[in-house]
Amino acid sequence: MATCGEVLVRLLERYGIDTIFGIPGVHTVELYRGLGNSSIRHVTPRHEQGAGFMADGYARVSGRPAACFIITGPGLTNIATALGQAYGDSVPMLVISSVNRTEELGLGEGRLHELPSQRDLMAGLTAFSHTLMRAEELPQVLARAYAVFGSARPRPVHIELPLDVITAGADDVPAKVLPRSGRPAPDPAAIAEAAELLGRAKRPLVVLGGGAQDAALEARKVVERLGAPAVTTINGKGILPPGHPLSLGSTLPQRPVLEELTAADVVLAVGTELGETDTLLFEGRPKLGGKLIRIDIDADELVHNALPELAILSDAGLALQALSRALEGAEPIAASGQRVQKLREQLEGLLTERQRLHRRFLTAVQEALPDVVVVGDSTQPVYSANLFYEPARPRSFFNASTGYGTLGYALPAALGAKLAEPDRPVVALIGDGGIQFTIGELAAAVELSLPVPILLWNNHGYGEIREYMAARGIPQIGVDIYTPDLLAIAQGYGCEAVRATSLAHLKDELRRSQERQRPTVIEIDVADARSW
């Protein structure tokens, strides 16, 4: 007799899940019964938060969801932060958890791992949270999850299985993948109206968000047919190639670009919230002086932060493809290239000396590891890179410093990214404070023999918050934390560990890291780096 847990594994395999992140526990062992006969790889993190961050990094670099097997109660509360990060940045992830037996739910009898309602806890962190009450529901619920991943704004999904349902007989449950729905296409009349508005514009501007990262070719065609300056959000980095003559990079929070946003007579915003972490960080909502056209797969996002003149509910790629066709024959604005060049010169002048140091540092990373994927944490070089870093293609730079803004993300997320794309170099960029949140995942990296360099930016405490407090006249309490010998700890885990002494040394160590079958922790002490 096949159990519901075994049929679940078969279904996951048929949906294309090739990796599951999880820590087995007494409530989830029956989910593992079918894994031994499957092609699915199981990865054991050292904390459920690490499992969630690994699944997040896996999905961001590949565009495909991974799954997590999570224990009842503490497993879910542990993974909650990772779910919040994935929810905020529209990252697909399938979290499968156990829960107490059906007849015990909500009774508060002090059962092992019991919570009043796991489903309610997860509901605010996921596209939906579902309790599977019968094995027969399984194909339908998974089909619903994949409808979210493939046809809507991708976000995490939580499915919990009561202990008696996991072991229930499921011979009659078909291990069948239900047909997947396509992505929504735009209303042709709305595309025609958008083309007319943009065709008449004298000073258009295009804003490309993370929702357009899989539509780079279509986005570039629209930008070039309009001859319009274009700016990306942080999650949209790489949509336009480095140095494109119409690209302003991801400089949306900078004053000259915000002024351009206000001066534009038509703004086309694709797949972006236009939120505070993309525009005026902590300073309010963006000011638009002209007409706004928004394209988004999520109806709610079409009206958040800035009300549009024209709202187009659609997949970004399909809408941009249709818009590109509608703009055929349009006369591009010849002066835009000069305007972009002047803006780039202004933006260059705004970079601080520290940001220039960070740029030299990350340029060395790109030179040492072409086509690198940079996975960042909430640390000072990442905040700087959000403004200037230009990856060669989308899904090559992402971090936890915006949106939900957690710490400890970069290390496990980089491991997930490397598992998804083993042939690409992947680095984690994390601070000495952030790495202590998830440092145990070094053990998982060694266990997996992953050649991932961890760039450890050591400013001996919570440097960004320390400076934020000082600038506001607030006593710097709680930020000058004790920093242990992180290289010795890394060596104790079995990692290679070295302190970079120059940019040339850093590049050498990055290249060497790719020849090893284990992670390399490369510490960059801020006191040393200031002379680079």
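**Reading helix packing and charged pairs**

Me: Which residues of α8 meet which residues of α10?

Reply: On the α8 side they are Glu218, Ala219, Lys221, Val222 and Arg225, and in α10 they meet Gly317, Leu320, Gln321, Leu323, Ser324 and Arg325. Keep in mind that this is a predicted model.

Me: At what angle do helix α8 and helix α10 pack?

Reply: The angle is about 35 degrees, and the axes of α8 (residues 216–226) and α10 (residues 316–326) lie 8 Å apart. The crossing of α8 past α10 is left-handed.

Me: Now for charges. What can side chains of opposite charge do?

Reply: They can pair when their charged atoms come close. The count here comes to 32 salt bridges. One of them joins the side chains of arginine 153 and aspartate 298, at 3.2 Å from N to O. This pair links distant parts of the chain, 145 residues apart: arginine 153 sits in the loop between α5 and β6, and aspartate 298 in the loop between β10 and β11.

Me: Are arginine 153 and aspartate 298 buried or exposed?

Reply: Both are buried. They also belong to a network, in which salt bridges with shared partners join Arg153, Glu273, Asp298 and Glu301.

Me: Why does aspartate 315 count as buried?

Reply: Aspartate 315 counts as buried because its relative accessibility is 12%, and the cut-off for buried is under 20%. Its side chain meets that of arginine 183 in a salt bridge of 3.4 Å, N to O. Arginine 183 is partly exposed, with a relative accessible area of 38%.

Me: What parts does the pair of glutamate 348 and arginine 359 tie together?

Reply: Glutamate 348 lies in helix α11 and arginine 359 in helix α12, so the pair ties together parts 11 residues apart in sequence. Their side chains meet in a salt bridge of 2.7 Å, N to O.

Me: Which side chain of opposite charge is nearest to aspartate 296?

Reply: That is arginine 294, 5.5 Å away. A salt bridge needs the two atoms within 4 Å, and aspartate 296 has none, although it is buried. The side chain of aspartate 296 does reach the backbone nitrogen of aspartate 298, at 2.9 Å.

Me: And what is 3.0 Å from a polar atom of the side chain of aspartate 432?

Reply: The backbone nitrogen of asparagine 459. Aspartate 432 is likewise buried without a salt bridge, and the nearest side chain of opposite charge, arginine 466, is 6.6 Å away. You can find aspartate 432 in the loop between β14 and α15.

Note on methods. Residues numbered from 1 in each chain as written. Predicted model: local features only at pLDDT ≥ 70, side-chain atom pairs only at ≥ 80, totals over all residues. Heavy atoms only, no water. Buried < 20%, exposed > 50% of the residue type's maximum accessible area, 1.4 Å probe, protein only. Lys, Arg positive; Asp, Glu negative; His and termini not counted. Polar contact = N/O pair within 3.5 Å; in protein donor to acceptor, adjacent residues only side chain to side chain. Axes fitted to C-alpha atoms, helices over the stretch in contact; angles between N-to-C directions. Helix = DSSP H or I, 4+ residues; strand = E, 2+ residues; numbered from the N terminus. Left-handed = near helix turned anticlockwise from the far one by under 90°. Contact = heavy atoms within 4.5 Å.
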